Amino acid sequence: MTLSFSILSGVIQGLAEFLPISSSGHLAIFQNIFGMSDGSAITAFNVLLHVGTLLAVLIVYWRDVFSLIPAFFTLCKKLFAKKFGFRYYTESERLLILMVIATLPLIVVAALGLDDYLEAINGCLWAIGAILVFNGFVLILSDRIGKQDTSVGALKPLRALCVGLCQMCALLPGLSRSGSTITGGLFMGLKREDAVKFSFLLSIPAILGAAVLELPELFSGEAAVSSGEWGVYIAGAAVAAIVGVLAMKLLQYISRKANFSSFSFYCFAIGVFAIVYDIVR
């Protein structure tokens, strides 16, 4: 893997992870075009890029993230005291519970081994293109949802699970995780800014889980990275983190000032390109 390929992958990951245009779809298209879509090494590299964007989330939402640490211990104390009602919990404790509930669908997918079937789509450009086109329609739908007024802390557990199901569907390469969870959050009544915030925070357990499952591939077996290549891999993750912070700030601004229509048209264009490219080649 070259340094330029790693850096370009980091730029794509940083932009597309948080903008609602699907990082997995864009990485798959980019890596297919350059003939680097197969093998466990590239899968682990993609997870490493996601770890870079995880760092971006920690930077932008550090207050919310670090508030979850003491909330975990106080929540355990209240549960042992048999205080099970939401009325007993602080905002940070409620947020932690909602994140766990919304992550359950991903745990089910991992337990069933369905992620292996989903990864097989990465080599099928026309399918990725078709999913990107569908993602464009999802974004148009999100702009049609009326103004909502629910904060993250007031979200009901069942509604958080519905947002988690949207995140599970976004395992399909080409279907944006942020776009799907933001749209799901809006449907569940979240204010636009809160839907964006909840979407970004949900990426934390999702990325951590993928890292635990995939990153060991970089240290052992056929996909092991040599000591001389680590700099190239880490450069891609660092670029993903830097670009990710900028992309998050941009989406926060857009969520307050505009809609996602421009992203939907972009998804239509890149989706059609992927389909045509796959047919022509």
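1. A word to start with: a residue is called buried when its relative accessible area is under 20%, exposed when that area is over 50%, and partly exposed in between, with a 1.4 Å probe and protein chains only. By that rule Ser22 is buried, because its relative accessibility is 1%. Please keep in mind that this is a predicted model, in which local features need pLDDT of at least 70, side-chain atom pairs count only at pLDDT 80 or more, and totals for chains, interfaces and linings use all residues. Residues are numbered from 1 along each chain as its sequence is written, and side-chain values use heavy atoms, with hydrogens and water left out.

2. Now for the overall plan. The protein chain contains twelve helices and zero strands, and read from the N terminus its elements run α-α-α-α-α-α-α-α-α-α-α-α. Helices here (H or I, at least four residues) and strands (E, at least two) are DSSP runs, numbered from the N terminus.

3. How far does the C-alpha trace of the protein chain span along its principal axes? The spans are about 60 × 45 × 35 Å. The radius of gyration is 19 Å, which agrees with the value near 19 Å for a compact globule, because the chain has 281 residues. That radius is taken over C-alpha atoms, and the globule rule is 2.2 Å times the number of residues to the power 0.38.

4. Let us look at surface and contacts. Of the 281 residues in the protein chain, 51% count as buried. The chain exposes about 13300 Å², and carbon and sulfur atoms supply 70% of that area. Accessible areas come from the Shrake-Rupley method with a 1.4 Å probe, and for residues only the protein chains shown count as cover. A contact means heavy atoms within 4.5 Å. Among contacts with a separation of 6 or more, 80% come from residues 24 or more positions apart.

5. Back to Ser22, which sits in the loop between helix H1 (3–18) and helix H2 (23–33). Its phi is positive, about 75 degrees, although Ser22 is not a glycine. Lys82 also has a positive phi, about 65 degrees, and is not a glycine. Lys82 belongs to the loop between helix H4 (62–80) and helix H5 (91–112). Is Lys82 buried or exposed? Lys82 counts as exposed, because its relative accessibility is 65%.

6. Follow Phe30 next, a residue of helix H2. Phe30 is buried because its relative accessible area is 12%. Which residues does Phe30 touch, not counting those up to four places away in sequence? They are Phe5, Leu8, Ser9 and Ile12. Phe30 and Phe5 are 25 residues apart along the chain, with their C-alpha atoms separated by 9.6 Å.

7. Helix H5 holds Leu106, which is buried because its relative accessible area is 13%. Leaving out residues up to four places away in sequence, Leu106 touches Gln167, Met168, Leu171 and Ala206.

8. Val152 is in the loop between H7 and H8. With a relative accessible area of 5%, Val152 is buried. Its contacts, not counting residues up to four places away in sequence, are Leu95, Leu98, Leu190, Asp194 and Phe198. By contrast, the C-alpha atoms of Val152 and Ala238, 86 residues apart along the chain, are separated by 30 Å.

9. Helix H9 (residues 177–187) is worth a look: ten of its eleven residues are buried. Among them are Arg177, Thr181 and Leu186. The buried residues of H9 pack against H1, H7, helix H8 (157–169), H10 and H11. After H9 comes Gly189, with a positive phi near 100 degrees.

10. Finally, a pocket to find in the viewer. On a 1 Å grid over the protein atoms alone, a cavity is a set of points where a 1.4 Å probe fits but cannot get out, while a pocket is an open set with protein on both sides within 12 Å along at least five of seven lines; lining residues have an atom within 4 Å of a point. The second largest pocket holds about 230 Å³ of space, where grid points are joined across faces, edges and corners and a volume is the space filled by probe spheres set on the points. Its lining includes Ser142, Asp143, Lys147, Leu186, Arg192 and Arg256. Helix H7 (125–144), helix H10 (192–214) and helix H11 (230–257) each give two or more residues to that lining.
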